[in-house]
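Please walk through this model with the structure open beside you. The tour moves from the ligand to a cavity, then to a helix, a loop residue and some backbone details.

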Amino acid sequence: MTRPPLLDPASRAGPLQRRYALLINPFYPKDPNASFGKHMLTPTLALTSFAATTPEDWEVRYWDENLLDGRPPFRPMPELVGITVHLTFARRAFELAHWYRSRGSKVILGGLHVLSCPEECAPHADALAVGDGVQLWPRIVADVESRQLRSKYVATYENNYREDPAPRRSILPRQSFLTTTSLIATRGCHNRCGFCYLATDGLRMPYRMRDPQQIAGEFEADDQPYGVFIDNNLGSNREYLRKLCHALRPLNKIWSAAVSIDVTDDPGLIRTMALAGCTGVFVGFESLTDENLTDARKKTPKTADYARRVSMFHENGIQVNGSFVLGFDHDRKDVFARTAGWVEENRLECSTFHILTPYPATPLFKQMEAEGR
Ligand code: SF4
């Protein structure tokens, strides 16, 4: 769980198979009691979305190293390898890229870390996919096929999101996840908190929503009782969330989603969510100190009102998974006990705690850098 599978430098690769793409989610160290369970909950959608845009005469394979089934396959060698890169596992992604490139595959790197630090990633790839990979992947595949691969592909997130194809879930190992029904209905967030990747310099991601009936259709088609919305904030547009709930209710399934606490401004909406099958919400409270939230530029209700808002979810049978960030400037030594006490007092079903981390190219990073911290 803590060390990636060995990429033996001596192991010989198989023959290169043309029109075969391998999509890899690299390994990151896990805690058996925390992040491992979270990883097995439901797959991320990025790679399955790329798979959906791959031409039919290509074979596509998905390999998530975090499912602990060993190193990614190499016999035969894929003609094309797509690797997601996040700061947390950038080193492993580069290691994989080197291994496959040195044996003849073309390696494409994409993901958050490529967006925020393209110069760091470029030497490790044949090409970078910067921005919306769903638009870029078919172009990259076509250029690999015609041997005209360029070193960088860029796409914005301003396209009509409704037209994106449904993720190709059939490539997922179903038995490895609690549910393979990861769903995404919206993109972006009405907030732009200074520490969040959505505030990355140069990233413009207007809030976009997909057709509620299309989402309900995907949920039904995957034939599993529980779905997880992986949207950054499913509650950014309340009218949309209401329409989505109306589309989901007839399915008689259960689901969970991340929402910001301000959805509780509308008590009727919380009821509608519950009736549509919502059994859990992930809420980024971030801090119980108003000054910290102001510094982070998070538009949110006063923290003194958080407890009442949590109870609104509970009264509707919706569990609350709270997320807290520790290490803001107005935190003092008592922040740990105070936060844990609040979580217990308000009977949050689950909580996650994070150390404030300045991700490259975010406003928080720039502030810290300017202050020499
Ligand atoms: S509310 Fe959440 S998703 Fe939205 S910008 Fe803030 S941290 Fe990011």
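The shell around the ligand divides into five nonpolar, two polar and two charged residues. This is a predicted model. The shell itself consists of Cys 189, Asn 191, Arg 192, Cys 193, Phe 195, Cys 196, Leu 198, Asn 232 and Lys 298. Cysteine counts as nonpolar here, so Cys 189, Cys 193 and Cys 196 belong to that group.

The largest cavity holds about 50 Å³ of space. Its lining includes Glu 286, Ser 287, Leu 288 and Thr 289. Phe 324, Val 325 and Leu 326 also line the largest cavity, as do Asp 331, Val 335, Arg 338 and Thr 339. Strand S13 (319-326) and helix H12 (335-345) each supply at least two residues of this lining. By type, the lining divides into five nonpolar, three polar and three charged residues.

Now turn to helix H9, residues 267-275. Which of its residues are buried? They are Leu 269, Ile 270, Thr 272, Met 273 and Ala 274. Their cover includes helices H8 (238-248) and H11 (306-315), along with strands S11 (254-258) and S12 (278-286). After H9 comes Gly 277, with a positive phi near 110°.

Thr 180 sits in a loop, between strand S6 (152-155) and strand S7 (182-183). Is Thr 180 buried or exposed? Its relative accessibility is 0%, so Thr 180 counts as buried. Its side chain has polar partners. Another, of 2.5 Å, links the side chains of Thr 180 and Gln 224. Beyond its neighbours within four places in sequence, Thr 180 is in contact with residues including Thr 42, Pro 43, Arg 169, Leu 172 and Arg 174.

Finally, check the backbone. Most residues other than glycine have a negative phi, and most peptide bonds are trans. The peptide bond from Arg 75 to Pro 76 is cis, with omega near 0°. Pro 76 lies in the loop between strand S2 (59-64) and strand S3 (77-84).

Asn 252 is exposed, because its relative accessible area is 71%, over the 50% cut-off. Ala 361 counts as buried, because its relative accessibility of 18% is under 20%.

Note on methods. Residues are numbered from 1 along each chain as its sequence is written. This is a predicted model: local features need pLDDT of at least 70, side-chain atom pairs count only at pLDDT 80 or more; totals for chains, interfaces and linings use all residues. Side-chain values use heavy atoms; hydrogens and water are left out. A residue is near a molecule or strand if one of its heavy atoms lies within 4 Å of it. On a 1 Å grid over the protein atoms alone, a cavity is a set of points where a 1.4 Å probe fits but cannot get out, and a pocket is an open set with protein on both sides within 12 Å along at least five of seven lines; lining residues have an atom within 4 Å of a point. Grid points are joined across faces, edges and corners, and a volume is the space filled by probe spheres set on the points. Helices (H or I, at least four residues) and strands (E, at least two) are DSSP runs, numbered from the N terminus. Buried means under 20% relative accessible area, exposed over 50%, partly exposed in between (1.4 Å probe, protein chains only). Contact means heavy atoms within 4.5 Å. A polar contact is a pair of N or O atoms within 3.5 Å; within protein, one must be able to donate a hydrogen and the other to accept it, and residues adjacent in sequence count only if both atoms are side-chain atoms.
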